[in-house]
Amino acid sequence: MEQRIGSSSQPLEGAGFDPAFIPGLTSPASGREVDAKAKTDEPEDTAPGAAPEQDATPEQEAEQEPGAEAAPEEDAAPDGPVFEASDRRARIVADHSGVRLRLDDQECEFRWDEIGAVETETARFGKRWTVTVHTPDSRWYPLEIEAPSRSRFAEWDTALDAVLDEYFEDDAGESAEVTEAAESTEDDAGK
């Protein structure tokens, strides 16, 4: 009989070994390789047989400078509430575009339509405030932030609630309101 030398176990896969396993946490590795190749394969402006450029006026040069052709900036932020909380390692930002969580060098971003619920929790002792983002596919992403003092917990809860009230659409709450309105209309019609 032959015996194999080495381990017979298969390599482990999952979030513990590959951060890209969690959707939204990092971009796929294959996408990063494609982006790197696309940047190196860009054609150069000077091709053989190309016509020489004409002298341009200073205004035209300013328009043609790479800095002047700034990439389109992020969507103009509407005048709505924004929530930010951070400590030395973690940061949470909730605004019109969604919720962004950051821990050390790892980030994930959730649009409002990707969020099932947002939960906050305070530690019984200490100064840790936990925000957990739940997705509709039964995944959750907790983030702990160390507050300067326990009095900040109430401030943060109030500010986060204002953002959630403004941007987060709770389908279950809306359907309950619609059901109650329909029942009251039926009661009025039956009288």
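These notebook entries record what I looked up in a predicted model of one protein chain.

**Entry 1: the elements**
I began with the secondary structure and noted four helices and seven strands in the chain. Reading from the N terminus on, I wrote the order of the elements as α-α-β-β-β-β-β-β-β-α-α.

**Entry 2: the sheet**
I next asked in what order the strands of the open sheet lie. The order is β1-β2-β3-β4, and the pairing of these four strands is antiparallel. I recorded β1 (83-86) and β4 (106-111) as the edge strands, since each pairs on one side only. From one strand to the next, the twist averages 5°. As background, I noted that strands of a sheet pair through backbone hydrogen bonds, either parallel or antiparallel.

I then looked at strand β3, which covers residues 98-103. Six bridges join β3 to β4, and the two run antiparallel. Which residue of β4 is the bridge partner of L103? I found that the partner is Q106.

**Entry 3: a helix on the sheet**
I turned to helix α3, made of residues 152-167. Helix α3 lies across β1 and β2, the latter spanning residues 90-95. Relative to β1, helix α3 runs at about 140°.

**Entry 4: the whole chain**
Finally, I looked up values for the chain of 191 residues, of which 18% are buried. I counted a residue as buried when its relative accessible area is under 20%. The accessible surface comes to about 15300 Å², and carbon and sulfur atoms hold 49% of that area. Among contacts between residues at least 6 apart in sequence, I noted that 40% join residues at least 24 apart.

Notes:
Residues are numbered from 1 along each chain as its sequence is written. This is a predicted model: local features need pLDDT of at least 70, side-chain atom pairs count only at pLDDT 80 or more; totals for chains, interfaces and linings use all residues. Side-chain values use heavy atoms; hydrogens and water are left out. Two strands pair if DSSP finds at least two bridges between them. Axes are lines fitted to C-alpha atoms, for helices over the stretch in contact, and angles run from 0 to 180 degrees between N-to-C directions. Contact means heavy atoms within 4.5 Å. Buried means under 20% relative accessible area, exposed over 50%, partly exposed in between (1.4 Å probe, protein chains only). Accessible areas come from the Shrake-Rupley method with a 1.4 Å probe; for residues, only the protein chains shown count as cover.
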